[in-house]
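Open the model in your viewer and keep the selection tool at hand. The tour goes stop by stop, with what to select and what is there.

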Amino acid sequence: MPENFQKIIKNILRDIQVELTDEFDQNFERQAFFSEPWQRRKSPIRDKGRAILTDTGQLRRSIKSKTTENSVIFYTDLPYAEIHNEGAKSSSHNV
């Protein structure tokens, strides 16, 4: 691949990374994944007036991103993030 082409791709990926980082952060404001609203809380002990997926703000702040040669990857190292994203696989998860 020509060097100039690689530089263009790298710049495009950085632009995408910046824009999507902002959009993912705004998801917490919208309480939705872009235009798809998050499901309301089912827990009777959680404050019904509070924002979904926001308690301490740790999950929101934990979302990081990195670029590779041909992609942008978003990730978090918080173990409970997967449960929020994918749902609990068994009744043993009480989040």
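Select Asp25 and Arg60: their side chains meet in a salt bridge, 2.7 Å from N to O. Asp25 lies in helix α1 and Arg60 in helix α2 (residues 58-62), so the pair ties together parts that are 35 residues apart in sequence. A salt bridge here is a side-chain nitrogen of Lys or Arg within 4 Å of a carboxyl oxygen of Asp or Glu. Helices (H or I, at least four residues) and strands (E, at least two) are DSSP runs, numbered from the N terminus.

Before you move on, a word on the model. It is predicted: local features need pLDDT of at least 70, side-chain atom pairs count only at pLDDT 80 or more, and totals for chains, interfaces and linings use all residues. Residues are numbered from 1 along each chain as its sequence is written, and side-chain values use heavy atoms, with hydrogens and water left out.

**Stay on Arg60**

The side chains of Arg60 and Glu29 meet in a salt bridge, 2.9 Å from N to O. Arg60 lies in helix α2 and Glu29 in helix α1, so this pair ties together parts that are 31 residues apart in sequence. Salt bridges that share partners join Asp25, Glu29 and Arg60 into one network.

Which of these residues are exposed, and which partly exposed? Glu29 is exposed, because its relative accessible area is 51%. Asp25, at 29%, counts as partly exposed. Arg60 does too, at 24%. The cut-offs are under 20% relative accessible area for buried, over 50% for exposed, and partly exposed in between (1.4 Å probe, protein chains only).

Now select Phe28, in helix α1. Phe28 is buried, with a relative accessible area of 7%.

**Along helix α1**

Select Arg30 and Glu23. They form a salt bridge, with the closest N and O atoms 3.1 Å apart. Arg30 is partly exposed at 37% relative accessibility, and Glu23 is partly exposed at 27%. The total count of salt bridges is 3.

Go to Ile12, in helix α1 (residues 3-30). Select Ile8 and Ile16 with it: the three form a nonpolar patch on the surface, with about 230 Å² of accessible area together. Ile12 counts as partly exposed, at 41% relative accessibility. Patches are made of residues with over 30% relative accessible area and no salt bridge; like charges are joined within 9 Å, nonpolar side chains (Val, Leu, Ile, Met, Phe, Trp, Tyr) within 5 Å. Accessible areas come from the Shrake-Rupley method with a 1.4 Å probe; for residues, only the protein chains shown count as cover.

**Rings**

How many aromatic pairs are there? The count is 1. Select Phe24 and Phe74: the ring centres are 4.5 Å apart and the planes stand at 65 degrees, so the pair is edge-to-face. Phe24 lies in helix α1 and Phe74 in strand β4 (residues 72-75), so the pair ties together parts that are 50 residues apart in sequence. Rings of Phe, Tyr and Trp (its six-membered ring) pair if their centres lie within 6.5 Å; planes under 30 degrees apart count as stacked, over 60 as edge-to-face and the rest as tilted.

**Last stop: confidence**

Colour by pLDDT, the predictor's confidence in each residue, from 0 to 100. The protein's mean is 79, and 66% of its residues reach 70 or more. Confidence is highest in strand β3 (residues 64-67), at a mean of 96, and lowest in helix α3 (residues 81-86), at 68.
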